[in-house]
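Subject: Structure handover, aromatic pairs and nonpolar cores

Hello,

Here is the structure for your files. Please open it alongside the notes below.

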Amino acid sequence: MRLFARCLAILSVLLSSSFASAAPATRATPGYIRVAIETSVGTITVALDTKRAPRTSANFLTYVDDGRFDGVTFYRAARRKSDPKQGLIQGGIDMDVRRSLPPVVHEPTSQTGIRHLDATLSMARPNRTNSAMGNFFITIGATPTMDAREGSIGYAAFGHVVGGMDVVKKILAVPTCCGTGPMRGQMIIKPVKILRARRIDGKPKPTRGVKPWLIGLKRPTVR
């Protein structure tokens, strides 16, 4: 009985240490920067792995700090046919070039070691390397096909959801239609608004210069 209890204790330690290395804490953690993505259906909090995926994380943070994600949407919900409760949701600037920054250098999972597990934050991109800009996705359930492997560069995972996974699942479940190619039937009929994205850790570092997407935008009247 004592041996069984000791084995359970060792297993518990191993599991907890494994989980800790896989997902950052919900509080400020060295090597991670948390971002709150406030949507019309709730807030999703993500932690960016700035140590293992520095370029991808820096790119995402620039979009956040500039306000380039404010007012865009989650526009895609890709549910698995085998299990509709798993899949991914995709959001960001979509095709709005006014909000775009230059493409970021690809950081494959084979380099970073950040795998596409459940609740992984990763960059969407066209079918070529070094092309990701301002669109991203969140996985619901492990998605190893997104990892780099022989014959495929995969996608650049760079963080994890640390709060609001219920919101992610809610978005995955919304009605979809339309789309072409691999996105056929996956476009959200009423896209979920991203009201605001903001840093929780550290000081914002917005870029300078004109922000084209704000030109002509009607601002609320102050009385």
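The notes cover ring pairs first, then the nonpolar cores.

This is a predicted model: local features need pLDDT of at least 70, side-chain atom pairs count only at pLDDT 80 or more, and totals for chains, interfaces and linings use all residues. Residues are numbered from 1 along each chain as its sequence is written, and side-chain values use heavy atoms, with hydrogens and water left out.

Aromatic pairs: there are seven (Phe, Tyr or six-membered Trp ring centres within 6.5 Å). Phe60 and Phe136 have ring centres 5.3 Å apart and planes at 85°, so they are edge-to-face (over 60 degrees). Phe60 is in helix 2 (residues 54-66) and Phe136 in strand 6 (residues 135-140), so this pair ties together parts 76 residues apart in sequence. Helices (H or I, at least four residues) and strands (E, at least two) are DSSP runs, numbered from the N terminus.

Tyr63 and Phe69 are stacked (planes under 30 degrees apart), at 5.3 Å centre to centre and 15°. Tyr63 is buried at 0% relative accessibility. Phe69 is buried at 2%. Ring pairs join Phe60, Tyr63, Phe69, Phe74, Phe136 and Phe158 in a cluster.

Cores (buried Ala, Val, Leu, Ile, Met, Phe, Trp, Tyr and Cys joined through side-chain atoms within 4.5 Å): the largest has 40 residues. Val35, Ile37, Ile44, Phe60, Phe69, Phe74 and Phe136 touch the most other members. Helix 4 (residues 165-172) gives the most to this core, five residues. A second, separate core of five residues includes Ala78, Ala124, Phe137 and Met146.

Best regards

Key:
Buried < 20%, exposed > 50% of the residue type's maximum accessible area, 1.4 Å probe, protein only.
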